[in-house]
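These are my notebook entries on one protein model, written as I looked things up. I kept the sequence and the structure open beside the page.

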Amino acid sequence: MNDCCVSENRGKSFDLAVVGAGSAGFSAAITAAEQGAQVALIGHGTIGGTCVNIGCVPSKTLIRAAETLHQAGAAGRFAGISAKAHADDWRATVRQKDELVADLRRSKYADLLPAYNNISYVEGEARLAEGGVAINGDLIKAQRLVIVTGARPSVPSIPGIENVDYLTSTSALSLEALPKSLLVIGGGYIGAELAQMFARMGVKVTIVCRSQLLPAAEPEIAEALSGYFRDEGIQLKCGIAYKLTRQTDSGISLTVTRGDGRDETLTAELERLQELGQARFDATVADNLSSRNLSNALFAFVALLFVVIVGRLRRTVERGRSLVERLQRAFIARRRDIAGVEVGSVLLSSTRGASVGGDTHDAFTLDGRFAMFLVADVSGKGIDAAVDTALIKYSIRTLFVDDQDPGSIISRFARMYVASAEHAESFIALFLAILDLQDGTVRYASAGHEPAWAIFGQDVVSLATTGPIVSAALAPEFETRVLHLHPGDTLVIATDGLTESRDARGKMLGTAGVAVWLSELRGTPQADAEAIVRRIRRRSRRIKDDLAILIVRYAPRPLGGVSPQRTPLEVVAGR
Ligand SMILES: Cc1cc2nc3c(=O)[nH]c(=O)nc-3n(C[C@H](O)[C@H](O)[C@H](O)COP(=O)(O)OP(=O)(O)OC[C@H]3O[C@@H](n4cnc5c(N)ncnc54)[C@H](O)[C@@H]3O)c2cc1C
């Protein structure tokens, strides 16, 4: 293409002038140019003409779109197959059609012209003139002329049509919303294909025609097609005469005279705003539903994943917990019966997972004369705590073999601990009692550990702490205190999981509360230890702290029927 404007071509002489730049005009101009002719292609209106802009391309695009709906509906003909498709957003379908039209107009028409130097494209409405064509009064000379000005929709002469807001094929293909119903006047191929397209999009369609569907076709073809159309729900009113058409409140009415001479009034309803609104609302709901379903599905998937992961974590953590517990219990030597005492004990790890705390207890006898009873609570959790409980047990046992004074033992242990503790913040609370099995004398010392209780008959006496917690920072001297047990008297030593156990409202049991419980105990030491745990559980279903309980009842073999004198608590200085 070498030109675009009338003024530049004014008076110029061409071999050929082509009037009309539609598909026929382009074809004629290109063919002549390829033969070497100088061509003037004169276009008026949108370049490309009917086919690409308002004919074949847009109609076939929408027809193909409607076909997918139809095919989905037809899937049910086959056993075991179902499909659903909806025209959710007609406007979007029309937009997509417009984009395709613009693309093809550019690539199949406008972009072709620059390749032909001997075609001059002239924009304007051509009129025949002497020696060529006139465009806005300017003459373009041409020896030959091809007129390919196409066609436009013709309006049938029905009384009242001038007052009716009718659609043509062009405006129907650009509707912003689908109408509720449609009367298609004329059964030609364009009317027929658009009728079917709208029907497949869900519009109630009636085709009205004077003779038959596809009047230019063989009657058999028309009849067969009519059958298919009826199957698809399209109404056919053929063999009628148009009488009158009117605009009504809801759309259009068309009165026809049937072959039997009677009049029939047909109607077509335009889209109504509230219905449009409803359609959009429904579409939005459907959209939301599908996205909600998607997010539900995602949620379900994530939740499932979560459950699986948590399950696996729990199993891993449980394995850790049982490892630590086994480790802890491994260091609780099987408690052999100690002659002269009945012993009951409980060790509970309340915490979940591997964070088992460092509560522990121990009972050990030396030469059948002395028995050592230890309850301790080490800082830290898990494996570290288990190792520390092992350390304290075997350290205290070793020291006990050498020295039967609890204050002295704890003091020595504290010095060792200061020297060896790995973490500055580590600590151990402990209560150590050494019982002379022969006379019931109990020497005891406690490092920040309270409480312990002595039960003398019906009296429950709380044993105060005798020194600070053993810590990595401090190694003080611990004092030893002494008390005497009579047969049947009981020593109860527990970690703070007992006094600090809470009821459902969060109230702590406290030392006094424990004393009340202990005064009510009537069973063997083991039964009593278990009864205490049951009471804790009854108060609060979840035990919040680790717990070690050791209950020692003095039950010496009778020594000629003489029992040692009961004496008040006394303090013996520690070393
Ligand atoms: C809805 C619809 C669907 C169709 N589907 C198909 C199909 O599937 N297959 C098929 O083969 N055909 C189909 N057709 C028909 C096809 O579109 C036309 O046959 C074809 O476009 C005609 O091309 P044309 O070049 O002769 O005319 P047009 O494409 O109409 O081009 C004529 C051009 O001349 C211009 N013009 C008019 N007067 C003047 C003037 N005085 N000066 C300058 N320019 C002027 C017009 O503005 C227009 O641009 C369909 C038509 C319609 C309406």
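In which loop does L214 lie? I found L214 in the loop between β8 and α8 (219–231), where helices (H or I, at least four residues) and strands (E, at least two) are DSSP runs numbered from the N terminus.

Before going further I noted that this is a predicted model, in which local features need pLDDT of at least 70 and side-chain atom pairs count only at pLDDT 80 or more, while totals for chains, interfaces and linings use all residues. Residues are numbered from 1 along each chain as its sequence is written, and side-chain values use heavy atoms, with hydrogens and water left out.

**Entry: two positive phi angles**

I looked up the backbone of L214 and read a phi near 50°, a positive value in a residue other than glycine. Most residues other than glycine have a negative phi. L214 is buried, with a relative accessible area of 18%; buried means under 20%, exposed over 50%, and partly exposed in between, with a 1.4 Å probe and protein chains only. N136 also has a phi near 50°, a positive value in a non-glycine residue, and I found N136 in the loop between β5 (132–135) and β6 (138–147). N136 is exposed, with a relative accessible area of 69%.

**Entry: the disulfides**

How many disulfides does a search of the whole structure find? I noted two, taking a disulfide as a pair of cysteine sulfur atoms within 2.5 Å. Counting bonded cysteines along the chain, the pattern is 1-2, 3-4.

C51 and C56 form a disulfide with their sulfur atoms 2.1 Å apart, and the torsion about their S-S bond is about -130°, so this disulfide is left-handed. C51 is partly exposed at 24% relative accessible area, and C56 is partly exposed at 34%.

The other pair I looked up is C209 and C238, with an S to S distance of 2.1 Å; the torsion here is about 65°, so the disulfide is right-handed. C209 lies in strand β8 and C238 in strand β9 (residues 235–238), so the pair ties together parts that are 29 residues apart in sequence. C209 is buried at 3% relative accessible area, whereas C238 is partly exposed at 31%.

**Entry: the nonpolar cores**

A nonpolar core is a set of buried Ala, Val, Leu, Ile, Met, Phe, Trp, Tyr and Cys residues joined through side-chain atoms within 4.5 Å. The largest one has 27 residues, and those that touch the most other members are W90, M197, F198, M201, V205, I207 and F229. Two or more residues come from each of α4 (56–74), α5 (90–110), β7 (181–185), α7 (189–200) and β8 (204–209), and α7 gives the largest share, six residues. I also noted that this core draws at least three residues from each of domain 1 (2–147) and domain 2 (161–271), with bounds from an automatic or database domain assignment. Apart from this core lies another, of 26 residues, among them Y444, A454, L550 and Y554.

Leaving aside neighbours within four places in sequence, I207 is in contact (heavy atoms within 4.5 Å) with residues including V184, A195, L213, F229 and I234.
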